[in-house]
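Student: I am new to this structure and would like a close look at one part of it. Could you walk me through the nonpolar core and the helices packed around it?

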Amino acid sequence: MNEAPSSAELVLRLREGEPQAAEKLFTLYSAKLSRLAEQYLGRKMAGRLDGDDVVQSVFRTFFRRCLEGQFSIDSSSQLWRLLVGVTLRKVRGEVRFHSLCTS
């Protein structure tokens with residue numbers, strides 16, 4: 001029986017250009033990150049963007065920077081902390097941007 005690859009292994013495969021690795025990483029983390037983003041967006045932002053919008057941006061950034069070799073990921077918990085950090089920064093940036101637009 002084959003074990004599922006670890007997140008760290010998927011990151012290595014991603015760097016090697018394997019598109020299925022990106023799909024698997026997105027599948028593993030996108031729903032949880034979307035729920036996290038929704039918690040911080042609040043109702044004020046509901047008409048403008050949602051957690052899925054933020055997560056798309058998070059993974060676009062993560063995949064680009066990962067392919068550039070900017071991250072060293074050794075464990076699933078390390079990857080999770082990185083993705084949470086990127087998500088929260090993206091949420092804050094979006095809230096700030098949309099708040100300025102309505103001022």
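Tutor: Happy to! Let's begin with a term: two residues are in contact when they have heavy atoms within 4.5 Å of each other. With that cut-off, 65% of the contacts in the protein with a separation of 6 or more join residues 24 or more positions apart. Please keep in mind that this is a predicted model.

Here is the setting for our close look. The protein has 4 helices and 0 strands, so its elements, read from the N terminus on, run α-α-α-α. Its C-alpha atoms fill a box of roughly 55 × 30 × 20 Å along the principal axes. Of its 103 residues, 38% are buried.

Now to the core itself. The largest nonpolar core has 29 residues. Those that touch the most other members are Leu 14, Leu 25, Phe 59, Phe 62, Leu 79 and Leu 83. Two or more core residues come from each of α1 (7-15), α2 (19-41), α3 (51-67) and α4 (76-102). The biggest share belongs to α2, which gives 8 residues. As a general background, nonpolar side chains tend to be buried together in soluble globular proteins.

Setting aside neighbours within four places in sequence, Leu 14 is in contact with Ala 21, Ala 22, Leu 25, Phe 62, Phe 63, Cys 66 and Leu 67.

Next, look at how α1 meets α3. These two helices pack at an angle of about 70 degrees, and their axes are 9 Å apart. Because of that angle, α1 counts as roughly perpendicular to α3. Their crossing is right-handed. On the α1 side the contact is made by Val 11, Leu 14 and Arg 15, and on the α3 side by Phe 62, Phe 63, Cys 66 and Leu 67. Sorted by class, this contact has 6 nonpolar, no polar and 1 charged residues.

Finally, turn to α2 and α3. Here the angle is about 135 degrees, with the axes 8 Å apart. The two helices are therefore oblique to each other, and α2 passes α3 in a right-handed crossing. The residues of α2 that make the contact include Ala 22, Leu 25, Phe 26, Tyr 29 and Leu 33, while those of α3 include Val 54, Val 55, Phe 59, Phe 62 and Phe 63. By class, the contact of α2 with α3 has 12 nonpolar, 4 polar and 2 charged residues.

Note on methods. Residues are numbered from 1 along each chain as its sequence is written. This is a predicted model: local features need pLDDT of at least 70, side-chain atom pairs count only at pLDDT 80 or more; totals for chains, interfaces and linings use all residues. Side-chain values use heavy atoms; hydrogens and water are left out. A nonpolar core is a set of buried Ala, Val, Leu, Ile, Met, Phe, Trp, Tyr and Cys residues joined through side-chain atoms within 4.5 Å. Buried means under 20% relative accessible area, exposed over 50%, partly exposed in between (1.4 Å probe, protein chains only). Axes are lines fitted to C-alpha atoms, for helices over the stretch in contact, and angles run from 0 to 180 degrees between N-to-C directions. Angles under 35 degrees count as roughly parallel, over 145 as roughly antiparallel, 65 to 115 as roughly perpendicular and the rest as oblique. A crossing is left-handed if the near helix is turned anticlockwise from the far one by less than a right angle, and right-handed if clockwise. Ala, Val, Leu, Ile, Met, Phe, Trp, Tyr, Cys and Pro count as nonpolar, Asp, Glu, Lys and Arg as charged, and the others, Gly among them, as polar.
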